[in-house]
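Dear colleague,

I am passing on the structure below, and my notes on it follow. Please read them with the model open beside you.

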Amino acid sequence: MADKIPLSLTINGTTHTLAVPPERTLLDVLREDLRATGTRRGCDQGSCGACMVLVDGEPVFSCLSLALPLRDRAITTIEGVEQGNALHPVQQALVQHGAVQCGFCMSGIVITAKALLDRNPHPTVEEVRQALGSNVCRCSGYAKVVEAIASVGGRP
Amino acid sequence: MRYAEPQTVEEGVALLASTEHARCLAGGASLVAMMHAGHAAPAMLVSLHRIQELSAITETPEGLWVGAMVRHRTVAADTRLRGAMRVVRSAAEQLAHPAIRNMATVGGSVGLADPNTEIPVALVAASAQVEVAGPSGRRLVPVESLFVDRFQTSLGRDELITRIFIPRGPEGAVGHHLRFSRVSGDYPTVSISLVLAMEGATCRQARVAVGCCGPVPLHVAAADQRLVGTPLGEQDIAEAGQLLARAASPVDDVRGSAEYRRLLIPRLLGRAVSLAREPAHG
């Protein structure tokens, strides 16, 4: 067992002080140490996007991100997306369009969509599709998802 | 497993020299996936993310130096990579999918030496050079001689990649990367990177590299030469493509049989040449 190394991580604006072994990923820290299970474990290979989080506003795979190099970075997870007690506009749109299905991939998709809309508030359908290139829905229900995200920016 | 975050290249080199089975951690996109799959179990991770010089991009009259820790997303957006250098930008734009481009780095791609990914192929077409730091200082290696086998480089175990030089290439040259894949975001079945310089209607210089068709990016000087001095007509491209296809050593896998890959090479070469020569290309 590797030695643990002290670490503080800023997640959704709150700083957490931990001690983790070097091979521990952000996904492990979130789900197992902090019991924040909104971020899903899918493939553990950076192929499915279920574990997507934002690091300094950019979508990255938490399953491929070791926790230690993330000191001093701003991490946003699905738990940090709601505004007060209200759903984020992306979440509202997904519900309104009936685009949630089983929901396993949804945390990652919401995170990716939030990053896209923060950077580009009026994406075209094609831009939504490009941005979602890192997210796989095994139900393959992309049509309504894309429609919902594009509707937030007013260019359905 | 041990873990270190050196602040300078020299500290990084000393750490690598002091430990058997140490690995540099760049973006983590491949190494961490390999660790999860049990394909890598380093005794020590030397994280490069605090070494500031590795994130720099520097322009000179001769070309662009891209730091090893520069991410593909940044390369894909850098408009200074034009003309012949455009081949590298074009490859970065098409590599995997957005979250991988947010994480993975140029130095990581070179150090991994996966012949199925985009950047090694593009760097070979661009005649790039790799700056490598070791205990006795720094050396510059042509990227082509850095790749020695599938996932193997000529780097010593106490050496690390600091930056990559992408030369501006001949006046008026254009570069393009073309990948054929079953689905966007998957590894390519075959990819082609090329740099062309025309003089009027005649090709004055050509450099073609093929990905996914052997243990290292495939480059055949005779194929380049077959294009030089020609108007890049159908016959010229078909024959250059045949030279490449004959030299290729592809494998059969889920993305295509070896035979299919050989058939694709001349066809993709033709398409890549057309795309590179489009007037709006830039």
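**Contacts between the two chains**

In this predicted model, 25 residues of chain B are in contact with 26 residues of chain A, where contact means heavy atoms within 4.5 Å. Chain B and chain A bury about 1900 Å² between them, with 59% of it on carbon and sulfur atoms; buried area is the accessible area (1.4 Å probe) that two parts lose on being put together, summed over both. Within chain B, the residues that lose the most area to chain A are B:Tyr3, B:His36 and B:Met103, which together account for 26% of what that side buries.

As for conventions, this is a predicted model in which local features need pLDDT of at least 70 and side-chain atom pairs count only at pLDDT 80 or more, whereas totals for chains, interfaces and linings use all residues. Residues are numbered from 1 along each chain as its sequence is written, chains are lettered from A and ligands numbered from 1 in the order in which they are written, and side-chain values use heavy atoms, with hydrogens and water left out.

Between chain B and chain A there are 9 residue pairs in polar contact, both residues being at pLDDT 80 or more; a polar contact is a pair of N or O atoms within 3.5 Å, where within protein one must be able to donate a hydrogen and the other to accept it, and residues adjacent in sequence count only if both atoms are side-chain atoms. On the side of chain B that touches chain A, the elements that give two or more residues are strand 1 (2–4), helix 2 (31–36), strand 3 (44–47) and helix 5 (98–103) of chain B, and helix 5 gives the most, with 5 residues. Helices (H or I, at least four residues) and strands (E, at least two) are DSSP runs, numbered from the N terminus.

B:His97 lies in the loop between helix 4 (86–94) and helix 5 of chain B. At 10% relative accessibility, B:His97 counts as buried, a term that means under 20% relative accessible area, with exposed over 50% and partly exposed in between (1.4 Å probe, protein chains only). Leaving aside its neighbours within four places in sequence, B:His97 is in contact with A:Gly46, A:Phe61, A:Gly133, A:Ser134 and B:Gly185.

**Salt bridges**

The count over all chains is 29 salt bridges, each being a side-chain nitrogen of Lys or Arg within 4 Å of a carboxyl oxygen of Asp or Glu. Between chain B and chain A the count is 4, and A:Arg71 forms a salt bridge with B:Glu5, their closest N and O atoms being 2.9 Å apart.

Inside chain B, B:Glu131 forms a salt bridge with B:Arg163, with the closest N and O atoms 3.2 Å apart. This pair links distant parts of the chain, since B:Glu131 is in strand 6 (residues 129–134) and B:Arg163 in strand 10 (residues 160–167) of chain B, 32 residues apart. B:Glu131 is buried, at 9% relative accessible area, while B:Arg163 is partly exposed, at 27%.

**Cysteines**

A search of the whole structure finds 0 disulfides over all chains, a disulfide being a pair of cysteine sulfur atoms within 2.5 Å. The sulfur of A:Cys105 is 4.0 Å from the closest cysteine sulfur, in A:Cys137, which is too far for a bond. A:Cys105 is buried at 10% relative accessibility, and A:Cys137 is buried with a relative accessible area of 6%.

With best regards
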